[in-house]
Number of protein chains: 2
Amino acid sequence: MSERFVSERNLRFLLYEAFDAESLTQYPLYQDHGREIFDMVLETALKMGKELLRPYLQEMDRNPPRLEGGRVRVHPAVGQFMRACGEGGWIGANAPYELGGQQLPLLVTSACRFIFSAANYSASVYPLLTAGAAHLIESFGSEELKQTYIPPMFEGRWQGTMALTEPQAGSSLSDIVTRADPDPGGGYYRIRGQKIFISAGDHDGVENVVHLLLAKIPGGPPGVKGISLFVVPKLRPEPDGRLIPNDLQVTAVYHKLGYRGAPITQLSLGEEGDCRGYLVGEPHRGLTYMFQMMNEARIDVGLGAAAIASAAYYAALDYAMQRPQGRRLSSKDPTLPPVLIVEHPDVRRMLLFQRAVVEGSLSLILQCALYADQIRVLEGEERKEFQLLLDLLTPVAKTYPSEMGILSVSQGLQCLGGYGYCDEFPLEQYYRDARIHPIHEGTTGIQGLDLLGRKVVMHEGAAFRRFLDEARKTVQGAKSWKELHPYALRMEAALERLQDVTAKLVVIGTEGDVERFLADATLYLELFGIVAVAWQWLHQGIAAQRGLDARSLLEGDQRFYRGKLHTMRYFFHYELPKVEGLAMRLLEADGLTVEMDETLFWD
Amino acid sequence: MSERFVSERNLRFLLYEAFDAESLTQYPLYQDHGREIFDMVLETALKMGKELLRPYLQEMDRNPPRLEGGRVRVHPAVGQFMRACGEGGWIGANAPYELGGQQLPLLVTSACRFIFSAANYSASVYPLLTAGAAHLIESFGSEELKQTYIPPMFEGRWQGTMALTEPQAGSSLSDIVTRADPDPGGGYYRIRGQKIFISAGDHDGVENVVHLLLAKIPGGPPGVKGISLFVVPKLRPEPDGRLIPNDLQVTAVYHKLGYRGAPITQLSLGEEGDCRGYLVGEPHRGLTYMFQMMNEARIDVGLGAAAIASAAYYAALDYAMQRPQGRRLSSKDPTLPPVLIVEHPDVRRMLLFQRAVVEGSLSLILQCALYADQIRVLEGEERKEFQLLLDLLTPVAKTYPSEMGILSVSQGLQCLGGYGYCDEFPLEQYYRDARIHPIHEGTTGIQGLDLLGRKVVMHEGAAFRRFLDEARKTVQGAKSWKELHPYALRMEAALERLQDVTAKLVVIGTEGDVERFLADATLYLELFGIVAVAWQWLHQGIAAQRGLDARSLLEGDQRFYRGKLHTMRYFFHYELPKVEGLAMRLLEADGLTVEMDETLFWD
């Protein structure tokens with residue numbers, strides 16, 4: 001099996017050269033840190049990835065979680081990793097010191113999460129979910145909830161989850177029916193209902209599980225405005241410190257295509273009438289709160305998708321650099337020895353495609369992490385501007401890596417031919433694992449509606465304009481280099497195309513034809529994703545060009561920058577043209593899927 | 001599980017309305033047949049699909065073939081189906097009467113193969129491979145080989161295979177090293193070597209296995225010109241009728257992502273020096289012969305891919321017509337009951353995409369089958385013309401369904417959200433099964449080289465010109481209907497685009513820059529595939545329009561034709577525009593993947 005799953009050089013390039021992580025240390029929140037600490041954190045993450053995660057990738061896939069006597073049994077590597085994350089301060093890495101956190105920038109920890117997910121995606125979600133759940137308590141929970149739940153979660157002893165979906169309410173959260181009845185005088189709510197598709201909803205790698213759960217308090221407004229958020233532990237802590245069962249059963253573990261190292265569970269709450277939930281924040285504001293965790297989780301999904309694609313890329317690259325097969329197209333003499341397949345243009349195209357998707361996606365995700373850091377350290381108008389950008393780009397950073405990650409892994413598999421289809425190599429597992437990403441934390445369809453129906457039009461298009469400004473700044477910057485100038489022009493044209501399409505669709509929406517406005521929102525998101533990643537490639541191109549311009553370069557550095565620029569060129573020549581067909585379709589906006597009668601599907 | 005896996009109505013539409021299967025009965029070869037017989041054949045295939053194949057789809061996936069004591073154990077359904085195919089005359093369905101065949105048109109049996117593959121792809125390959133191997137013996141084998149091997153193969157008692165690939169020779173057949181040493185006076189060759197990835201290379205559902213195997217006779221020319229074709233049975237028939245072991249061992253069965261109901265095996269031949277092979281035709285002409293089977297198998301791969309996509313489409317459609325979730329985009333009132341997801345434009349888009357891929361692919365494949373029939377019944381110039389078309393379209397009919405089938409199944413899975421990822425529904429299996437198609441019988445990269453590097457340029461572009469003529473005839477035909485006129489114009493424009501791209505690339509090739517000519521052959525194939533399927537959609541549009549114009553229509557027929565036309569419109573509005581980005585890229589022909597130094601991948 002290929003040993004390599006990420007490029008350390010590329011991570012450093014993005015952190016320090018493309019996104020200038022060190023500049024964050026000028027703000028009080030991050031002032032204790034510096035390049036040495038970031039380097040150390042990155043090295044530790046790589047070491048953990050190699051030693052604690054990677055070795056169990058295949059084992060965890062082949063021995064998926066089992067439900068035994070009401071308990072979910074997982075691979076021992078899970079508990080080991082959770083404890084290591086607790087001891088190393090990884091779960092609270094971004095939290096403030098006073099809560100036991102490390103106050104590390106999201107930019108830096110996102111790079112580390114990328115490493116963990118590339119090493120073993122299933123294993124990486126356990127601490128990720130715990131961190132997200134703890135962050136939700138940190139943001140909106142009472143002092144008591146914080147003191148009770150955050151320490152054991154940060155220590156990796158208690159698992160966190162997000163419990164939203166119900167059998168009748170998948171994408172449509174307004175239809176959840178899990179009830180939370182206030183207990184008179186008890187300071188808690190009695191929870192009763194069912195949740196499905198709950199990741200890490202139970203397992204024996206931890207002492208307890210803490211569900212951040214959506215439920216409805218009877219008498220509240222209908223729909224999403226009547227949803228409240230609760231902390232619902234599997235074992236509830238009594239005042240004396242004991243943990244007692246909280247009437248919460250795991251009723252099933254799903255058998256899945258991939259992502260098999262993590263249990264996706266079905267939960268039954270309150271069958272005995274004694275499942276206690278503790279309200280987070282105010283009643284009926286639960287969905288607003290949950291969106292904090294959901295938005296973080298969405299970007300983490302993009303990160304996970306890019307990470308699996310990274311592991312697949314290096315497995316394919318390894319193979320391509322070792323496997324002899326065939327001859328150059330220009331010299332088919334069968335008496336010559338065969339060449340390595342990396343010499344075939346079509347194999348190079350497949351490899352460049354993968355690298356373009358992986359590094360373009362990662363760049364977009366780190367861009368979002370940087371915005372999140374800027375939101376944390378800045379105030380007033382500046383903060384608002386970055387919040388707009390982050391809100392706008394969240395569905396894009398979730399979806400581009402998820403959708404393109406699948407194609408990228410598929411091209412990796414294809415590089416190995418028949419071997420890619422067999423389980424001697426990890427590609428077939430990556431192919432299965434990657435398929436979850438366009439589904440969980442909001443399907444691609446939902447992300448499209450979020451982008452076009454909400455984010456693009458909010459505040460009269462302020463976020464969209466801000467995005468165009470940012471991208472045009474990059475275009476201006478790129479024009480200073482002769483080598484980048486043609487790509488800056490292509491980027492400019494793509495931004496205009498995006499603007500035309502957006503204007504056309506928004507007018508339809510403004511005129512009240514909501515169905516026609518949003519019918520192809522998924523394709524709009526696809527178009528937006530390509531443009532956004534092109535922008536990130538141009539941004540990386542500038543950083544690479546700067547690197548090349550610096551004097552006394554090491555040979556390895558030169559090669560890296562030149563490879564980076566070549567991949568950028570690949571993106572602009574092969575991927576960006578896809579904008580044309582998409583724009584052509586979107587500009588038609590003819591309502592072909594809206595006006596059709598569904599009986600036309602009967603035959 | 002969804003019960004439906006094909007549309008019988010659509011099969012009849014294609015056979016009788018789009019391709020006029022009955023007109024084939026004017027030729028002596030098919031004169032005994034007629035619509036009633038074709039209908040009966042189709043109904044029997046549907047019944048077999050439902051009763052003998054579909055019930056074992058999941059079981060065969062979950063209990064894949066095992067190698068035990070040198071024998072490959074498969075699910076009992078395999079032997080049962082092979083015997084049923086033997087008894088029903090399915091394996092020799094296209095063969096002449098004098099060999100025990102049925103002389104059925106390929107057009108009709110292709111529709112039946114589609115049914116079998118949609119019901120259970122893994123099970124469907126056993127008789128398919130046997131038929132292909134028998135056809136090879138029929139075309140090029142001696143009388144003795146025919147008499148010995150064809151009857152038990154047609155009876156479904158002996159399995160046929162194609163044994164090409166070796167560990168060091170995957171896509172590059174010129175590098176095979178399996179030896180065939182003539183036995184002085186024995187009338188046979190001693191075979192020694194290894195073969196890998198041999199589908200149905202051994203199993204206990206039959207009495208014997210017959211490998212159509214490529215090997216090199218020492219002293220022959222180097223490369224593909226030194227390859228000969230042999231019949232190599234697992235058990236060789238002695239003059240007295242006994243079957244004795246032929247020194248041929250199965251050394252491994254591969255563990256695969258999907259397609260798990262069929263064993264893909266590794267073979268070792270002649271370890272004891274007593275593996276006998278019987279030459280087919282002349283020495284050193286083996287690859288030419290094998291191309292007959294390979295070309296048939298390539299179209300069958302496309303057929304299998306479209307068939308899996310068909311099964312996935314009906315599973316997704318079933319779900320979409322039963323699952324309530326969310327509300328219309330134009331009325332988000334949470335107090336209203338949820339609507340069925342088939343009412344959401346994005347779900348309709350995903351369903352139309354699938355239907356467009358499935359029915360467009362199937363149409364292209366049946367078009368090829370019709371050409372093959374015309375080659376069988378016609379002579380002289382006419383025959384040559386159809387041969388050109390079939391040669392040109394073979395890589396397209398293999399690849400468009402294979403590549404788009406994956407995306408189609410993936411969209412089917414997406415329609416089910418989280419459930420699509422779980423094994424309660426068949427989508428996750430289809431997703432795994434479908435991934436084999438861009439790999440086996442020549443990868444997509446190889447098909448691209450075949451199309452652009454060989455087929456488009458052969459006979460000074462005669463096949464390509466012939467294709468343009470055929471497509472333009474369809475365009476002319478479509479212009480007679482007001483409703484089809486705009487699509488005829490779009491088709492015309494797409495053909496021009498394809499012609500421009502082809503001209504540009506061919507000039508580069510003619511100038512001798514073979515690497516730059518072929519660097520993006522895969523993308524050229526993608527472009528060609530979209531144009532070819534658009535042509536088929538226009539062809540289907542004409543047949544549907546004719547159907548609608550006919551008087552006294554049943555309501556169900558009206559709906560079918562309108563649904564067909566709507567799907568055609570989907571293809572032209574959503575799929576055909578992809579031509580733009582591809583053409584833009586291909587016209588650049590800048591050698592971006594040719595001139596790069598592979599050390600740029602190191603970082």
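At 26% relative accessibility, B:Glu17 counts as partly exposed, a class that lies between buried, under 20% relative accessible area, and exposed, over 50%, as computed with a 1.4 Å probe on protein chains only. The side chain of B:Glu17 meets that of B:Arg9 in a salt bridge with an N to O distance of 3.2 Å, where a salt bridge is a side-chain nitrogen of Lys or Arg within 4 Å of a carboxyl oxygen of Asp or Glu. The model is a predicted one, in which local features need pLDDT of at least 70 and side-chain atom pairs count only at pLDDT 80 or more, while totals for chains, interfaces and linings use all residues. Residues are numbered from 1 along each chain as its sequence is written, chains are lettered from A and ligands numbered from 1 in the order in which they are written, and side-chain values use heavy atoms, with hydrogens and water left out.

Over all chains, the structure holds 100 salt bridges. One of them joins B:Asp39 to B:Arg12, whose closest N and O atoms are 2.7 Å apart. Because B:Asp39 lies in helix H2 (residues 35-53) of chain B and B:Arg12 in helix H1 (residues 8-18) of chain B, this pair ties together parts that are 27 residues apart in sequence; helices are DSSP runs of H or I with at least four residues, strands are runs of E with at least two, and both are numbered from the N terminus. Both B:Asp39 and B:Arg12 are buried. In chain A, a network of salt bridges links A:Glu8, A:Arg12, A:Glu22, A:Arg35, A:Asp39 and A:Glu43.

The size of an interface is often given as the accessible area lost when the parts come together. Between chain A and chain B the buried area, which is the accessible area (1.4 Å probe) that two parts lose on being put together, summed over both, is about 9100 Å², and carbon and sulfur atoms give 58% of it. In chain A, the residues that lose the most area to chain B are A:Tyr421, A:Phe601 and A:Asp603, together 10% of what that side buries. The contact, defined by heavy atoms within 4.5 Å, takes 103 residues from chain A and 103 residues from chain B. The count of salt bridges between chain A and chain B is 10, and B:Glu598 forms a salt bridge with A:Arg348 in which the closest N and O atoms are 2.7 Å apart. The largest share of the side of chain A that touches chain B, nine residues, comes from helix H17 (residues 555-575) of chain A.

Within chain A, strand S12 (residues 276-279) is joined by two bridges to strand S5 (residues 189-199), and the two run antiparallel; strands are taken to pair if DSSP finds at least two bridges between them. The bridge partner of A:Tyr189 in S12(A) is A:Gly277. Strand S7 (residues 227-233) of chain A is also joined to S12(A) by two bridges in an antiparallel arrangement, with A:Phe230 standing opposite A:Leu279.
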